[in-house]
Amino acid sequence: MVTVLSKRKPKAPKKIERKRGCFRSCVAWFVYPLPTALFFVILMFVWSSSTTYISGRIVHVCVSSRKLTNLYCLSATTQPNDKFQLPFTNSSSPEFLENGILVPEEKLEKRLANSALDDNSVNLNRNLKDESKEDDDSVVRNQSDGNNGIEAVDDLKGDSNGVSKVVVENPTAFDDKRVRNENPATYLEKRAGNEATGTSGLKDDSKKVSSFVHVNQNPLNGSLDEIKNAREVVEEYLRVQRSWAANQNWNQNKNQCYGRGIYIYELPPKFNKDLVAQCHDMVPWVDMCKYFSNNALGEPIPELGNRWFKTHQYSLELIFHSRVLKHPCRVYDENQAKLFYVPYYGGLDILRWHFKNVSNEVKDTLSYELVNWLEMQKSWDKNLGKDHVFVLGKISWDFRRKDHTSWGTRFLELEEMQNPIKLMIERQPWELNDIGIPHPTHFHPHSDDDIRAWQRKIISSNRRSLISFAGAARPEAHDNIRSILIDQCTSATEEQCKFFDCKTKHCDEPQSLIGLFTESEFCLQPPGDSPTRKSVFDSLVSGCIPVLFDPFTAYYQYPWHLPEDHGKYSVFIDQEEVRKMKVNVVERLMKVPLKERDDMRRNIVYDLLPKLVYGDEDAKFELFQDAFSITMNNVMERVKSLNLE
């Protein structure tokens, strides 16, 4: 009998696993991936809130969050045992970042060199900052305008007697941010001995910029002496700016461009062209693209003539740029230039964010990027921007945002922007390098004949109404005198005063407004959201005598385009008298003699009008100088007088 033995091992009995319940399976499925997911969330957060900067052999990685008041930085070098200083570690404003924008390497090296200051100088800077904070706490800031939130000064927003305190920032050292209270007139006198050079006003351009910050307080608290002193400073600055004016016969000089070369920067498109491309959604209720057509002159208005266009009040940057590109003194080699034009559309940069809920950092981004770009240009570094000019199509206050507001940008508050010349539709009266130039009107002549034809038409116009006022009441602005003016106007006959209500009628139709102004003797021009009004220039171009209520509306704004003798082209009625019901404007203007009105109108039509309009892109004038020509001639004369290298 044969027996077969199998080598197979007996099978072990299978373990019977206990089945998990549905609840335990769901919990395990949810809990086990949590550590990995949490790790990736933290990693993404660190990555999104960090900034890496490489400078030479040094690498900096900084991390921040909204809950941290400081940025925390880790730094390393690519070379072993390499030592370096970190003056920017754990700082709320790191030296190599400005509002989240990287600083150029050249500028960073300068800051690293400055970090070698001794402890005494560091303590001094800290003391100055502490004093600045104490002074800021003692100043009562103005509240935002009820209509549109513009941060401004009461005196510059409709109350010319609202000056109660003037704060002067040290103009000789931009790093010294200490703010001290001082009588502005006295301060100007102290500088006069060191800075005056004949009629040029100031000797050293590095000392000329003093920031007279106008602070709003209750008008009743301001003494008459303080008001007088503040205005004396403004008037002194205007005299200095008028002294820069070029010879009126400059255009007739055959060698007009000798030593006056103009170089136009070819900026990256994000600073101008890309901003224009956002015209469709720049303002919620209107498509701005139609205003930027036709070289920013807008659509034609055949009802008024072949040189009239629907020009928007914020189109100045584009209009000026198109004219500069064809200036006879333009040069393409920066070494041959005396003046450098920066075609940055800062007004459009502000306008695109006005009606969007974005942070201040976003609003300031392009400003910092522009400054960083300029600082990498040799032509900027040569004279620190003193021979550079900017044209800004919005009011100065829109570029001077205060810490407690969200309106506008801080472009003109940047240290680097103190030296250049800034041309804008409304200047900051206590900034010597802020120069006001006319708002763009709807009339853009091409030749002398166009100007003459319009002069003949409006000088013989039938003025059916003594007074007109185009505007709307501002019930939320209690100090605004518009409601009083409307009551006085509507209480008179239409032959005496005609009111064009912008709430019920179309004030955005130029033909209606120009028609109103050409049929009126006087045009009331009270302050609106800011002291200046585009309507002032529309009325002057129409031969209508503007009636002003605040000297900051025109008298303290346009030294190159309006004469110092204000009585030649306007009537002034103090708004304080109107507010206190001490004067009836209609009755006051009815007392102006007919001959006096005719003399003012002839001066406006034949002398002022050509200087207040911007010709078209290819304009050629022989007998006249338009607003563009006067501005460019005077800017070049100013830069030439600085005797820069």
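Cys497 counts as buried, with a relative accessibility of 4%, where buried means under 20% relative accessible area, exposed over 50% and partly exposed in between (1.4 Å probe, protein chains only). The model is predicted: local features need pLDDT of at least 70, side-chain atom pairs count only at pLDDT 80 or more, and totals for chains, interfaces and linings use all residues. Residues are numbered from 1 along each chain as its sequence is written, and side-chain values use heavy atoms, with hydrogens and water left out.

Cys497 is joined to Cys489 by a disulfide with an S to S distance of 2.0 Å, a disulfide being a pair of cysteine sulfur atoms within 2.5 Å. The torsion about this S-S bond is -105°, and the link of Cys489 and Cys497 is left-handed. Cys489 is also buried, at 1% relative accessibility.

The structure holds five disulfides. Another of them links Cys257 and Cys329, at 2.0 Å from S to S. Its S-S torsion is about -85°, so the disulfide of Cys257 and Cys329 is left-handed. Cys257 is in the loop between α6 (224-243) and β9 (262-264), and Cys329 is in the loop between α9 (316-324) and β10 (330-331), so the bond ties together parts 72 residues apart in sequence. Helices (H or I, at least four residues) and strands (E, at least two) are DSSP runs, numbered from the N terminus. Cys257 is partly exposed, with a relative accessible area of 26%, whereas Cys329 is buried at 2%.

A further disulfide is formed by Cys279 and Cys289, with the sulfur atoms 1.8 Å apart. Here the S-S torsion is about 80°, so the disulfide is right-handed. Cys279 lies in the loop between α7 (273-276) and α8 (289-296), while Cys289 belongs to helix α8, so the parts tied together are ten residues apart in sequence. Cys279 and Cys289 are both buried.

The second largest pocket contains about 1,700 Å³ of space. A pocket is an open set of points on a 1 Å grid over the protein atoms alone, where a 1.4 Å probe fits, with protein on both sides within 12 Å along at least five of seven lines; lining residues have an atom within 4 Å of a point. Grid points are joined across faces, edges and corners, and the volume is the space filled by probe spheres set on the points. The lining of the second largest pocket comprises 44 residues, and His312, Gln313, Tyr314, Arg474 and Asp529 lie nearest the centre. Elements giving two or more residues to this lining are α10 (346-354), β15 (465-471), α15 (510-518) and α16 (534-541).
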